[in-house]
Amino acid sequence: MTSRTPVYVATGFLDAGKTRLLNGALRRRLAEGVRPLVLQFESGEEALLPLPSSGAMEFPKRELERDPEEIARRIAERLGKGDVDEVWVEWNGVVP
(Lines give C-alpha, C1' and ligand atoms only; values in the text may rest on other atoms or scores of the structure.)
Protein backbone atom coordinates (compact mmCIF):
# COMPACT_ATOMS: atom_id res chain seq x y z
CA MET A 1 0.00 0.00 0.00
CA THR A 2 1.28 3.46 -0.92
CA SER A 3 1.05 6.20 1.67
CA ARG A 4 -0.38 9.52 0.60
CA THR A 5 0.84 12.92 1.67
CA PRO A 6 -1.62 15.82 1.42
CA VAL A 7 -0.36 18.81 -0.58
CA TYR A 8 -1.76 22.32 -0.16
CA VAL A 9 -0.94 25.18 -2.53
CA ALA A 10 -1.14 28.86 -1.63
CA THR A 11 -1.08 30.87 -4.83
CA GLY A 12 -1.75 34.46 -5.77
CA PHE A 13 -0.15 37.68 -6.89
CA LEU A 14 3.07 38.97 -5.35
CA ASP A 15 2.42 40.59 -1.96
CA ALA A 16 -1.13 39.21 -1.87
CA GLY A 17 -0.64 37.72 1.62
CA LYS A 18 0.27 34.11 0.78
CA THR A 19 2.98 33.87 3.44
CA ARG A 20 0.71 35.45 6.07
CA LEU A 21 -2.01 32.93 5.21
CA LEU A 22 0.50 30.09 5.27
CA ASN A 23 1.93 31.16 8.65
CA GLY A 24 -1.55 31.17 10.21
CA ALA A 25 -2.33 27.71 8.85
CA LEU A 26 1.07 26.37 9.92
CA ARG A 27 0.67 27.66 13.48
CA ARG A 28 -2.58 25.71 13.79
CA ARG A 29 -1.17 22.57 12.18
CA LEU A 30 1.98 22.63 14.33
CA ALA A 31 -0.18 22.99 17.46
CA GLU A 32 -2.00 19.82 16.32
CA GLY A 33 1.30 17.92 16.07
CA VAL A 34 1.46 17.87 12.27
CA ARG A 35 4.92 17.80 10.66
CA PRO A 36 4.69 20.06 7.59
CA LEU A 37 7.19 20.60 4.82
CA VAL A 38 6.92 24.01 3.15
CA LEU A 39 8.17 24.54 -0.39
CA GLN A 40 8.68 28.22 -1.13
CA PHE A 41 9.28 29.23 -4.71
CA GLU A 42 9.43 32.92 -3.87
CA SER A 43 10.09 35.09 -0.88
CA GLY A 44 8.21 38.24 -0.06
CA GLU A 45 8.37 40.84 2.66
CA GLU A 46 6.93 38.60 5.38
CA ALA A 47 9.18 35.85 6.72
CA LEU A 48 8.01 32.27 6.89
CA LEU A 49 7.31 30.95 10.38
CA PRO A 50 10.36 29.06 11.74
CA LEU A 51 9.62 25.34 11.45
CA PRO A 52 10.85 22.33 13.43
CA SER A 53 12.70 19.37 11.95
CA SER A 54 10.39 18.82 8.96
CA GLY A 55 11.27 22.32 7.84
CA ALA A 56 11.10 24.36 4.71
CA MET A 57 12.81 24.35 1.37
CA GLU A 58 13.20 27.58 -0.60
CA PHE A 59 13.96 27.64 -4.30
CA PRO A 60 14.97 30.90 -6.00
CA LYS A 61 13.40 31.54 -9.40
CA ARG A 62 16.75 31.36 -11.23
CA GLU A 63 17.45 27.91 -9.71
CA LEU A 64 14.00 26.68 -10.70
CA GLU A 65 14.48 27.90 -14.27
CA ARG A 66 17.99 26.43 -14.52
CA ASP A 67 17.39 22.91 -13.23
CA PRO A 68 13.80 21.94 -12.36
CA GLU A 69 14.68 18.23 -12.41
CA GLU A 70 17.27 18.75 -9.67
CA ILE A 71 14.71 20.56 -7.55
CA ALA A 72 12.23 17.71 -8.05
CA ARG A 73 14.95 15.23 -7.04
CA ARG A 74 15.73 17.20 -3.86
CA ILE A 75 12.06 17.39 -2.92
CA ALA A 76 11.59 13.65 -3.52
CA GLU A 77 14.67 12.90 -1.45
CA ARG A 78 13.37 15.08 1.38
CA LEU A 79 9.95 13.39 1.28
CA GLY A 80 11.63 9.99 1.24
CA LYS A 81 12.86 10.53 4.79
CA GLY A 82 9.32 9.77 5.96
CA ASP A 83 9.05 12.51 8.58
CA VAL A 84 6.60 14.79 6.74
CA ASP A 85 2.83 14.60 7.28
CA GLU A 86 1.82 17.19 4.71
CA VAL A 87 3.33 19.54 2.13
CA TRP A 88 2.54 23.23 1.71
CA VAL A 89 3.57 25.06 -1.46
CA GLU A 90 3.82 28.83 -1.80
CA TRP A 91 3.65 29.68 -5.47
CA ASN A 92 2.84 32.84 -7.42
CA GLY A 93 2.38 30.91 -10.65
CA VAL A 94 4.68 33.11 -12.73
CA VAL A 95 7.10 30.30 -13.64
CA PRO A 96 5.57 27.25 -15.39
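# A chat about a predicted model

User: Let's start with Leu21. Is Leu21 buried or exposed?
Analyst: Leu21 counts as exposed, because its relative accessibility is 57% and the cut-off for exposed is over 50%. Keep in mind that this is a predicted model.

User: Where is Leu21 found?
Analyst: Leu21 sits in helix H1, and that helix covers residues 18-31.

User: How far apart are the C-alpha atoms of Leu21 and Glu90?
Analyst: They are separated by 10.0 Å. Along the chain, Leu21 and Glu90 are 69 residues apart.

User: Okay, zooming out. How many helices and strands does the protein chain have?
Analyst: There are three helices and four strands in the protein chain.

User: And in what order do the elements run?
Analyst: Starting at the N terminus, the order is β-α-β-β-α-α-β.

User: What percentage of the residues count as buried?
Analyst: Of the 96 residues in the protein chain, 36% count as buried.

User: What share of the contacts join residues at least 24 apart?
Analyst: That share is 63%, counted among contacts between residues at least 6 apart in sequence.

User: Give me an example of contacts. What is Val9 in contact with?
Analyst: Val9 is in contact with Val89 and Trp91, leaving aside its neighbours within four places in sequence. Val9 also has its C-alpha atom 8.5 Å from that of Val87, and these two residues are 78 apart along the chain.

User: Which strand is Val9 in, and is Val9 buried or exposed?
Analyst: Val9 belongs to strand E1, residues 7-11. Val9 is exposed, because its relative accessible area is 54% and exposed means over 50%.

User: Switching to pockets. What is the volume of the largest pocket?
Analyst: The largest pocket has a volume of about 220 Å³.

User: What lines the largest pocket?
Analyst: The lining has 13 residues, and those nearest the centre are Asp15, Gly17, Gly44, Glu45 and Glu46. By type, the lining holds two nonpolar, four polar and seven charged residues.

User: Which element gives the largest share of that lining?
Analyst: Helix H1 does, with three residues.

User: You named Asp15. Where is Asp15 found?
Analyst: Asp15 is in the loop between E1 and H1. Although Asp15 is among the residues nearest the pocket centre, Asp15 is exposed, with a relative accessible area of 61%.

User: What about phi of Asp15?
Analyst: Phi of Asp15 is near 60°, which is a positive value in a residue other than glycine.

User: Last one, Arg74. Where is it, and what does Arg74 touch?
Analyst: Arg74 is in helix H3, residues 68-79. Arg74 touches Met57, Phe59 and Glu63, not counting residues up to four places away in sequence.

Note on methods
Residues numbered from 1 in each chain as written. Predicted model: local features only at pLDDT ≥ 70, side-chain atom pairs only at ≥ 80, totals over all residues. Heavy atoms only, no water. 1 Å grid on protein atoms, 1.4 Å probe; cavity = no way out; pocket = protein on both sides within 12 Å on 5 of 7 lines; lining within 4 Å. Points joined across faces, edges and corners; volume = space filled by probe spheres on them. Helix = DSSP H or I, 4+ residues; strand = E, 2+ residues; numbered from the N terminus. Nonpolar A, V, L, I, M, F, W, Y, C, P; charged D, E, K, R; others polar. Buried < 20%, exposed > 50% of the residue type's maximum accessible area, 1.4 Å probe, protein only. Contact = heavy atoms within 4.5 Å.
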